[in-house]
Amino acid sequence: MTFGSAARREPGGESARRRERPVAAAVLLLAGAGVAGGLLVAGLALPAVGGAGVLARDTAHDFFQVPAVLREAPLPERTRLLDRHGRVFAQFYVQNRQSVAIHRIAPVMLKAIVAIEDARFYEHAGLDLKGTLRAIIANTRAGSIRQGGSSLTQQLVKNILLQNARSESERVLARAPSIRRKLQELRYAVTLERKYTKDQILTRYLNITYFGGGAFGVQAAARRFFGTSAAALTLPQAATLAGAVRTPYLTDPTLGRRHQRRLRERRDLVLDRMARLKMVPRAAADAARAAPLALNPRPEPGGCAESDFPFFCLYVQREIGANPAFGQTRAEREHRLYRDGLVIRTSLDRTAQRAADHAIAAHVHAKDSQVAAEAMVEPGTGRIRALAASKKYGANRGDRADGPRTTYNLAADMAHGGGQGFQAGSTFKVFTLATALAKGWRFDQGFDTPGSFVPSSGYRDCSGHRVDAPDTVIHNAGGEGRGGPYSIATGTWQSVNIFYMMLERDVGLCDVVRTARSAGIARADGRPLREVPTFTLGANEMDPVTVAAAFATFGARGRYCRPQAIMEIAERDGRRTPIRPSCTGAIEPAVADAVSHILTGVFTRGTMRGQGIGRDAAGKTGTNNGYTSAWFAGYTPDLSAAVSLGDIRGAYKYPLTGVEIGGRSYGGVQGATLPGPIWVASMERALRDVPPTPFTPPDLARFGGGSTPGLRPEDQALGPGEPWDGGEPPGGRRRGHRRPAGGPGADPFWPEVEVYVLPRRPRWSRPPADAVPAPADPAAPGPGGYPGW
């Protein structure tokens with residue numbers, strides 16, 4: 001028997017007989033199908049039913065009444081997430097399938113499936129009469145349907161009906177071993193034969209059918225069982241897959257050796273059949289039979305829990321689920337994600353992601369109750385390059401509240417799977433700094449500050465309401481620091497609370513809030529920003545993505561870009577939709593340059609002195625009242641990052657004092673203690689192969705100089721490139737500068753806790769609501785905690 005003779009066609013080519021088949025022939029085939037159906041009814045029903053004529057009449061009526069057009073919904077396809085360089089890191093599906101065209105299926109696979117399932121596939125018009133009659137005889141003798149006579153086209157119909165089923169009852173009907181179902185399949189099969197070529201029918205069948213092991217379609221099966229593609233299948237591999245389609249559950253090789261033995265038996269049966277039909281030489285079939293199965297099972301994980309980068313995956317998943325651009329309802333959006341076979345190119349950078357993962361793991365352990373999280377964002381585009389956390393993604397054993405895993409996306413806001421966030425602390429001083437510089441303040445301009453400060457007047461929110469806090473006392477370090485002269489530069493480098501509270505009052509609380517909003521600042525829980533006097537001290541709960549994107553605004557010379565994780569979406573039909581960055585001019589470029597100039601001093605003369613990354617970098621530490629959380633946010637012109645740290649059980653209930661984190665003991669954790677070193681380590685590694693880009697120098701004619709009564713000359717800001725003259729390295733004790741007695745706070749260059757807010761009367765153990773948000777329930781985790789942990 002020659003496979004691919006003039007009378008029949010080789011799989012993959014066009015059939016002359018198929019093209020020229022007249023309508024009359026189709027009518028004859030349909031009549032033949034009706035006769036075969038009648039015989040099938042009589043042969044199968046006679047042993048059990050006496051009124052065969054009545055049943056034959058009813059089934060014949062059903063045959064001609066069934067609608068001829070079969071609804072063919074698009075097959076569920078897997079959606080793949082790619083990193084910025086095109087490598088897959090996650091996928092979503094309800095059925096692991098990737099449909100392929102016939103030219104992407106090995107010819108030997110086409111031969112194998114035809115040989116074992118429908119050897120006369122290229123001869124009939126949807127009904128194999130010889131096979132059907134053989135099944136009639138066998139089933140009549142058995143008194144029930146024991147043997148299938150279905151053609152590949154009929155099997156395709158059955159699979160389509162299963163895909164169309166909307167309920168379990170419909171799926172049961174689609175599988176029911178009834179004469180009525182068989183006749184329905186036959187009528188639909190004849191219709192498909194008139195609608196499609198044989199190649200198209202075969203391709204549809206190979207893409208829809210289930211092969212076992214969770215693999216739908218030949219491409220997924222080739223990858224699942226052999227780690228290859230459908231186009232590269234060998235003879236033994238093709239025979240193995242063809243043998244699996246009849247009983248995919250009984251031959252699933254992932255279920256153990258017994259199933260593998262059955263699969264091998266089926267493979268050998270296919271090989272024998274191919275040799276007898278002369279589709280392959282007998283010698284080739286015998287050689288394939290002698291070979292082992294040679295399985296190379298490749299896991300096909302689905303969902304974020306099985307992704308190498310689960311937090312980034314979760315961010316993309318939530319972005320699609322919440323964005324109306326992907327569908328009018330959440331159900332429509334989830335349908336697109338899990339069924340539409342999208343290819344989503346994301347902004348994930350594996351180098352930056354691994355840098356963040358390693359830096360966090362080196363300082364904070366997954367088993368610690370304290371959690372660190374980091375987000376990296378590209379200035380000028382808003383593209384998120386990395387999202388990392390100290391805990392693994394997933395549920396803890398027994399659904400424990402605390403453990404090495406979490407289902408929260410700690411680096412993101414609640415809309416993207418995160419929690420309530422942690423108060424951002426003194427990182428918010430950057431918005432007051434930018435507001436002051438925009439209003440004409442100069443680097444060395446400032447004022448003398450008292451040892452304590454009460455925000456009793458001068459504060460109005462953006463609605464024009466007074467929000468003064470006359471019962472709140474603001475202190476500097478540890479609540480006992482002395483005042484003194486501070487300029488814009490020194491007040492920033494040393495993160496002086498009282499200076500910034502006074503500066504915020506002078507430039508206007510609402511203007512500071514507007515600056516923050518223009519840089520994308522919004523609370524992690526989605527609630528309105530708290531416009532209170534301590535806004536500049538970070539009284540709002542934030543997430544690292546939002547803070548990193550806000551700081552990236554300064555790295556991009558005032559251009560704010562909305563955080564973006566999706567760069568392009570490709571539909572299953574090949575249509576591509578690029579997602580452009582969404583950016584606005586938030587801050588005047590010259591002001592952003594001046595901010596960057598001041599913030600570089602944080603590394604050389606401020607709270608992070610001595611912790612640079614070997615290139616131009618700017619940043620700001622943040623430590624909250626009572627050590628409830630700690631932050632560091634910083635940037636270069638090429639990359640911005642923000643690191644947060646707090647207790648997962650609740651920030652107020654479990655402050656960062658007297659703790660052991662990452663195997664080290666800490667009396668109190670500040671922004672420069674852990675978040676700062678994590679930032680430095682991650683940024684160094686992420687930018688290792690990126691040429692350094694310098695900041696644009698500030699306009700000294702506009703921002704240089706200024707006057708602060710009592711400010712010493714050695715404490716003045718220096719122009720770019722000017723050397724430090726004399727004394728210890730920048731940030732240390734200077735020549736002729738004796739450190740005054742009194743401990744932290746007595747000297748403006750003494751490291752300090754940056755946010756310290758105490759009530760005036762009475763002295764509460766926790767700050768009042770207008771200074772720092774307090775939990776509604778004292779027994780519940782406070783702001784910054786993650787409910788349910």
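A total of 31 salt bridges was counted, a salt bridge being a side-chain nitrogen of Lys or Arg within 4 Å of a carboxyl oxygen of Asp or Glu. The model is predicted, so that local features need pLDDT of at least 70 and side-chain atom pairs count only at pLDDT 80 or more, whereas totals for chains, interfaces and linings use all residues. Residues are numbered from 1 along each chain as its sequence is written, and side-chain values use heavy atoms, with hydrogens and water left out.

The chain contains 24 helices and 24 strands; these are DSSP runs numbered from the N terminus (helices H or I, at least four residues; strands E, at least two). Of its 789 residues, 56% count as buried, where buried means under 20% relative accessible area, exposed over 50%, and partly exposed in between (1.4 Å probe, protein chains only).

Strand S6 (residues 370–377) is mostly covered, with eight of its eight residues buried. Gln 370, Ala 372, Glu 374 and Met 376 are buried on one side, and Val 371, Ala 373, Ala 375 and Val 377 on the other. Strands are taken to pair if DSSP finds at least two bridges between them. Eight bridges join S6 to the antiparallel strand S21 (residues 640–647), with Gln 370 opposite Asp 647. Five bridges, also antiparallel, link S6 to strand S7 (residues 384–389), where Val 377 stands opposite Ile 384. Six residues lie between the strands in the hairpin of S6 and S7, and Gly 380 there has a positive phi near 90°.

A salt bridge joins Glu 378 to Arg 385, with the closest N and O atoms 2.9 Å apart. Both partners are buried: Glu 378 has a relative accessibility of 18%, and Arg 385 has a relative accessible area of 4%.

Twelve of the 16 residues of H22 are buried, among them Asp 593, Ser 596 and His 597. The side chain of Asp 593 meets that of Arg 557 in a salt bridge of 2.7 Å, N to O. Because Asp 593 lies in H22 and Arg 557 in the loop between helix H21 (544–555) and strand S15 (559–561), the pair ties together parts 36 residues apart in sequence. Asp 593 is buried at 6% relative accessibility, whereas Arg 557 is partly exposed at 38%.
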